Amino acid sequence: MIENIGLFILGLIFLVAGAESLIRGAVRIASGLGVSPFIIGFTLIGFGTSAPELVVCLSAALNGSPELALGNVIGSNVANVGLILGIAALVSPLNGHMRVLRVELPLMIGFTGLLWFLVGDNELTRSDGIVLLVGFVGLMLFMLRSARKESFAVKKEFTEETEPAKGMPVWLAAIMVLVGLGGLVGGANLMVTAAVEMAKAWEVSEWLIGLTIVAVGTSLPEVAASVAAALRGHSDIAIGNVIGSNLFNILLILSTTVVVRPISLSNEVVTRDIPVMALFSLMLLPMLANGLKIHRYEGAILLLAYAGYLGWQISRVGG
């Protein structure tokens with residue numbers, strides 16, 4: 001057991017370091033190709049923080065553990081709202097914009113509802129995955145088109161996120177991309193293997209391990225990115241990073257996973273776990289509607305709700 005925990009932690013380190021290396025190298029290469037800094041920040045940073053979930057889910061599916069993959073997606077989405085926004089708001093109150101309340105948040109809630117509808121037959125088929133993937137393509141086209149209309153202040157925030165990679169030589173950026181990909185794949189394989197073995201040793205389901213330990217682990221890049229953005233006063237990025245990550249998880253990561261390997265779901269997942277994920281998304285509506293701001297006390301509410309959720313899941317050990 002100690003060996004598996006050690007391998008899981010080692011895999012997590014490789015995963016987080018790989019994601020960071022990949023995103024820094026990709027940002028520099030895209031910048032060298034003349035891509036707008038704002039577009040780089042808007043797309044690559046969102047993808048970079050979701051890369052751990054993508055690689056872990058694909059690794060789990062290919063290794064015959066689709067429940068671990070689905071648990072990771074649902075657990076990560078709950079952690080993004082409860083854990084990450086909770087911590088970020090405690091660090092510094094998060095100011096949002098009307099666009100988040102009118103566009104991004106309703107999209108996240110809407111696609112969560114679509115997922116809930118698709119799993120009504122207790123399975124996610126390849127055709128369901130294609131539906132979600134089409135939704136992802138449509139969302140990206142819509143977001144990139146509408147992003148050009150963002151205010152100067154918001155564009156400036158996203159552009160500043162690309163600054164650290166500007167002075168890097170292109171050859172070094174290419175190496176960082178390759179090293180990052182290697183770290184992601186190697187780390188994901190270690191995490192998945194260790195997680196499966198821990199589930200067997202503890203006599204719990206792979207689903208529960210994915211929903212808790214793996215989900216928190218793969219959410220660490222979002223924690224770092226959102227807290228750093230909050231400390232710099234970039235509240236839009238802190239909130240947008242979470243909403244974007246949740247959309248990526250449903251529309252890109254889960255869709256890719258079920259296209260590779262369809263997933264059967266229990267009644268509990270359909271009637272309990274996915275509704276809980278939807279509930280955490282809905283919690284943001286009254287908070288942002290109250291002055292377009294997530295206050296510190298609301299961050300504490302989110303964090304306490306996540307702690308309660310985690311305790312509830314742990315109490316289900318053996319289920």
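A: Happy to! Gly25 has 0% relative accessibility, so Gly25 counts as buried. Keep in mind that this is a predicted model.

Q: Which helix is Gly25 found in?

A: Gly25 belongs to helix H1, which covers residues 2–32.

Q: And what is Gly25 in contact with, leaving aside its neighbours within four places in sequence?

A: With those neighbours set aside, Gly25 contacts Ala173, Met176 and Val177.

Q: OK, let me zoom out. How many helices and strands does the chain have?

A: There are 12 helices and 4 strands in the chain.

Q: What share of the residues is buried?

A: Of the 319 residues in the chain, 54% are buried.

Q: What about the contacts between residues at least 6 apart in sequence?

A: Of those contacts, 86% join residues at least 24 apart.

Q: Nice. On to helix packing: how do H9 and H10 cross?

A: Helix H9 (residues 220–231) and helix H10 (residues 235–260) have axes that come within 7 Å and cross at roughly 160 degrees. An angle over 145 degrees counts as roughly antiparallel, so H9 and H10 are roughly antiparallel to each other. Their crossing is left-handed.

Q: Which residues make that contact?

A: H9 brings Glu222, Ala225, Ser226, Ala229 and Ala230, and H10 brings Ser235, Ile237, Ala238, Asn241, Val242 and Ser245. By class, the contact of H9 with H10 has 6 nonpolar, 4 polar and 1 charged residues.

Q: Now H8 and H12. Where do their axes run, and at what angle do they cross?

A: The axes of helix H8 (residues 206–218) and helix H12 (residues 296–314) come within 10 Å, crossing at roughly 140 degrees. H8 and H12 are therefore oblique to each other. H8 passes H12 in a left-handed crossing.

Q: Which residues meet there?

A: From H8, Leu208, Leu211, Thr212 and Val216 meet Tyr306, Tyr309, Leu310 and Gln313 of H12. Sorted by class, the contact of H8 with H12 has 6 nonpolar, 2 polar and no charged residues.

How values were computed. Residues numbered from 1 in each chain as written. Predicted model: local features only at pLDDT ≥ 70, side-chain atom pairs only at ≥ 80, totals over all residues. Heavy atoms only, no water. Axes fitted to C-alpha atoms, helices over the stretch in contact; angles between N-to-C directions. Helix = DSSP H or I, 4+ residues; strand = E, 2+ residues; numbered from the N terminus. Parallel < 35°, antiparallel > 145°, perpendicular 65-115°, else oblique. Left-handed = near helix turned anticlockwise from the far one by under 90°. Contact = heavy atoms within 4.5 Å. Nonpolar A, V, L, I, M, F, W, Y, C, P; charged D, E, K, R; others polar. Buried < 20%, exposed > 50% of the residue type's maximum accessible area, 1.4 Å probe, protein only.
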